Amino acid sequence: MITRLLVANRGEIARRIIATCRVLGIETVAVHSDADADAPFVTEADRAVRLPGNTPAETYLRIDLILAAARRSGADAVHPGYGFLAENADVAAAVTDAGLTWVGPSAKAIAAMGDKLAAKALLAEAGVPMLPTWTDPGQVTDFPVLVKASAGGGGRGMRIVRDADGLAEAVASAGREAASAFGDGTVFIERYVERGRHVEVQIVGDRHGSVLALGERDCSIQRRHQKIVEEAPAVLAPELRERLHAAAVSAGRAVDYVGAGTVEFLLAPDGDFHFLEMNTRLQVEHPVTEAVTGLDLVRLQLLVAEGEPLPLTVTPPVEGHAIEVRLCAEDPAQDFLPATGTLHRFAVPGVVGEFAPTRGLRLDSGVRDGSAVQVHYDSMLAKLVAWAPTRAEAARTLAAALARAELHGVTTNRDLLVRVLRSREFGVLEVDTGFLERHPQVFAPLLPPGEVPLVALAAALASAAARRAAAPVLAGLPSGWRNVPAFPQVAQFTGPDGEVEVRYRLNRDGCLAEWSATSETGTPKTGTPEDGAPAVTLVEASPERVVLDVDGVRRAYRVHLVGAAVFVDGPDGTANLTTLPRFPAPGAELAAGSLLAPLPGAVARVHVEVGRRVAAGDLLLTLEAMKLEHPVLAPTDGVVTELPVAAGGQVDTGAVLAVVTPIEEASS
């Protein structure tokens, strides 16, 4: 039996495994990088071992360090979670050779399915339908196609190519990204199916020859080939479900599968399905399967790793519907590039359980208030899961909880997720892998631009209340009151649409006598109905809460002040504002045409040199951050006049990567 388990992973999956071990009476050991020293998973484990360094290559990907940590801590088993080492056959073999229990499939099974090309060949012989596949770009004549990494997943190393002209660069770029993410740059090319659905089957096997399907999930809502919304069960005809389950079980039996795994399929609009890949590990989206079956998949993993037979012999019944979203630190204003920063507040209302099968709202999070979101790791902060008797109820519950969540300090993809869940198309099951491309309206922020002035007014009133609460004298005067009414209070902020200026005046009773706000959108808001603005009355103002009566309807705003940052959560959405200083210090002026780093990272490759003439859209360099490769393109025709970075160099947000000067200016 397992007595002490080392979790060779980090973040929410490490916390998830630790939670089940606590119920089963198994001691846990966390391993952590220097950056993760104070992370929640480290403090929740019974023991922790430091892996010196910060990047995955220095720490979590080091097999020798993981084994040394197991020896030092007295662990007798290793669970890899997902990602990092979970699908590395060498790791499974090394753990087993060291006399430890490996919580996962055999090294042979991992190797067989880890090479996607070999896996496709193996399962094609078993009769599983396959898409046309090529390894030589010169042989491809049928477009569109999808370039895929052979040794990994999660959307890394994947590129859609619609004509022959872009194939060579897509193969090269995908190979570089795959090599960085998985240590193997091998890629292959597969026929791309338009409007296909991504449906996967959860399987589990034991050492006694049993392999069961535990239901399926629809993971069709994807961005950059990475899943962001998953649900169980998939809405399928019973006959199709049976065939998918049978194909998945056949795949598991073909490699004598032990443990939890997932067989992924692509469903074409004509009803055919094709094998995509088999993930020989626990999936990020496993909680939705747990929610509808009531099973603890981590518990099943541990039982079969100990040699026990599966405690069930048939596919369990499914009850209700569950939907999961991946809440990620991303900047919508920067095309959802990964974002970094400090989470000043992370609170989701209505959560009834964490890290275990739950009916209702479940939160699996790797962060807490004060957590630092760094560039070294994946951008996912948490998974939020809603279970309800019906799909519509689950979507409504999940969207409402997300909309009310307080996520302060780091920009996220929250608004996108809410828009997807509330969209008509999602509600009527019009989903496929191209959902986001066909429905750009879901990228609109929840907070309408016209509401920003009211949010800024709430921020100004809360800030004034905070200053009054801290004032050592005249504490009895209402905040913002002036004896001479000719001079209103003025506050300036930067917001989601640029700068906004608020002017307001309170009377002797602390009530709002007048107000106005002007934003860079060019739409002024004033405090008089004659000017077309809503009639606003101040009901309550404190440093944490402002209540306004707007045209006879009360609106409550929750306000969180952190230095110059003001986070406002209101009924129409959330805004992150920054208070501007009254007398700003002069800043350095950037050269025209400067291209700035949108986030911290490493310069992977530089494709040009100073003096090179470039056209708008030309690739100048690639920036690598949070396991993804981000292209930096020329914004206009011109000449590269400055290139202050070199391949391999580290840059911070806002660093100048290159300067492109228009040709006529460069020659003058």
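Colleague: Which residue of E38 stands opposite Val614?

Modeller: Opposite Val614 stands Gly638, in E38. The "E" marks a strand, a DSSP run of at least two residues; helices are H or I runs of at least four, and both are numbered from the N terminus. This is a predicted model, in which local features need pLDDT of at least 70 and side-chain atom pairs count only at pLDDT 80 or more, while totals for chains, interfaces and linings use all residues. Residues are numbered from 1 along each chain as its sequence is written, and side-chain values use heavy atoms, with hydrogens and water left out.

Colleague: What makes E35 and E38 a pair?

Modeller: Two strands pair if DSSP finds at least two bridges between them. E35 and strand E38 (residues 638-642) have two bridges, in the antiparallel sense, so they meet that definition.

Colleague: In what order do the four strands of the open sheet run?

Modeller: The order is E33-E40-E38-E35, with antiparallel pairing. Strand E33 (594-596) and strand E35 (613-614) are called edge strands; each of them pairs on one side only.

Colleague: How do you know what span is expected of helix H15?

Modeller: The expected span is 1.5 Å times one less than the number of residues. Helix H15 (residues 452-470) has 19 residues, and from its first C-alpha to its last it reaches 27 Å, close to the expected 27 Å.

Colleague: Why is H15 called largely enclosed?

Modeller: Of its 19 residues, 14 are buried, so the rest of the structure largely encloses H15. Buried means under 20% relative accessible area, exposed over 50%, and partly exposed in between (1.4 Å probe, protein chains only).

Colleague: Is His225 buried, partly exposed or exposed?

Modeller: The relative accessibility of His225 is 24%, so it counts as partly exposed. His225 sits in the loop between strand E11 (211-223) and E12. Its phi is positive, about 65 degrees, although it is not a glycine.

Colleague: What is the relative accessible area of Asp335?

Modeller: For Asp335 the value is 56%, and therefore the residue is exposed. Asp335 belongs to the loop between strand E16 (330-331) and strand E17 (337-338). Asp335 is not a glycine, yet its phi is positive at about 55 degrees.

Colleague: What is omega for the cis peptide bond from Phe143 to Pro144?

Modeller: For that cis bond, omega is near 5 degrees. Pro144 is in the loop between strand E6 (133-134) and strand E7 (145-149).

Colleague: Which kind of peptide bond joins Ala232 and Pro233?

Modeller: Ala232 and Pro233 are joined by a cis peptide bond, with omega about -5 degrees. Pro233 lies in the loop between strand E12 (226-232) and helix H8 (238-254).
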